[in-house]
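Please read the notes below next to the sequence and the model. They are numbered so that each can be taken up separately.

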Amino acid sequence: DYVAKVNINQASYEDMVNIGSIPPKLAKNIIEYRNTHGPFRALEELKEVKGIGDYRYEKLKDLFYIE
């Protein structure tokens, strides 16, 4: 099933949780990272977020885009 991509720098907590494959705690971590470090410049930066390793990154990178 197709999931619409969300802009990682604009997505709200609700947007991320509604995607379905992002648990609430992880959505919170992504937003906290964004608030602390500023906008994501590359999707690879997701690996810097607490709770995201290589395996999870591979699953998440197709859910987001950056513009």
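1. Alanine 42 is partly exposed, at a relative accessible area of 27%; here buried means under 20% relative accessible area, exposed over 50%, and partly exposed in between (1.4 Å probe, protein chains only). Alanine 42 sits in the loop between α2 and α3. Its C-alpha atom and that of aspartate 54, 12 residues along the chain, are separated by 15 Å.

2. On provenance: this is a predicted model, in which local features need pLDDT of at least 70 and side-chain atom pairs count only at pLDDT 80 or more, while totals for chains, interfaces and linings use all residues. Residues are numbered from 1 along each chain as its sequence is written, and side-chain values use heavy atoms, with hydrogens and water left out.

3. The protein chain has 3 helices and 2 strands, arranged along the sequence as β-α-α-α-β. The radius of gyration is 11 Å, close to the 11 Å from the globule rule for 67 residues, so the chain is as compact as a globular protein of that length. Helices (H or I, at least four residues) and strands (E, at least two) are DSSP runs, numbered from the N terminus. The radius is taken over C-alpha atoms, and the globule rule is 2.2 Å times the number of residues to the power 0.38. Along its principal axes the C-alpha trace spans about 30 × 25 × 25 Å.

4. Of the 67 residues, 37% count as buried. The protein chain exposes about 4,400 Å², and carbon and sulfur atoms supply 50% of that area; accessible areas come from the Shrake-Rupley method with a 1.4 Å probe, and for residues only the protein chains shown count as cover.

5. Which residues have the most contacts inside the largest nonpolar core? They are Met16, Ile22, Ile30, Leu46, Ile52 and Phe64, in a core of 20 residues. Helices α1 (13-19), α2 (24-37) and α3 (54-60) each supply at least two residues of this core, and α2 gives the most, with 5 residues. A nonpolar core is a set of buried Ala, Val, Leu, Ile, Met, Phe, Trp, Tyr and Cys residues joined through side-chain atoms within 4.5 Å. In soluble globular proteins, nonpolar side chains tend to be buried together.

6. Not counting residues up to four places away in sequence, leucine 46 touches Ile8, Ile30, Phe40, Ile52, Tyr57, Leu60 and Phe64, where contact means heavy atoms within 4.5 Å. For the protein chain, among contacts between residues at least 6 apart in sequence, 49% join residues at least 24 apart.

7. Asparagine 29 is in α2 and is buried, with a relative accessible area of 12%. Leaving aside neighbours within four places in sequence, asparagine 29 is in contact with Val49 and Lys50. Lysine 28 is also in α2, but counts as partly exposed at 43% relative accessibility. Lysine 28 and glutamate 58 are 30 residues apart in sequence and 19 Å apart in space, C-alpha to C-alpha.

8. The C-alpha atoms of lysine 59 and serine 21 are separated by 8.5 Å, with the two residues 38 apart along the chain.

9. Aspartate 62 lies in the loop between α3 and β2 (64-65). At 48% relative accessibility, aspartate 62 counts as partly exposed. Its C-alpha atom is 14 Å from that of glutamate 45, 17 residues away along the chain.

10. On charge, the mean positions of the 10 positive and 11 negative charges are 5 Å apart. Lys and Arg count as positive and Asp and Glu as negative, with His and the chain ends not counted; the place of a charge is taken as NZ of Lys, CZ of Arg, CG of Asp or CD of Glu.
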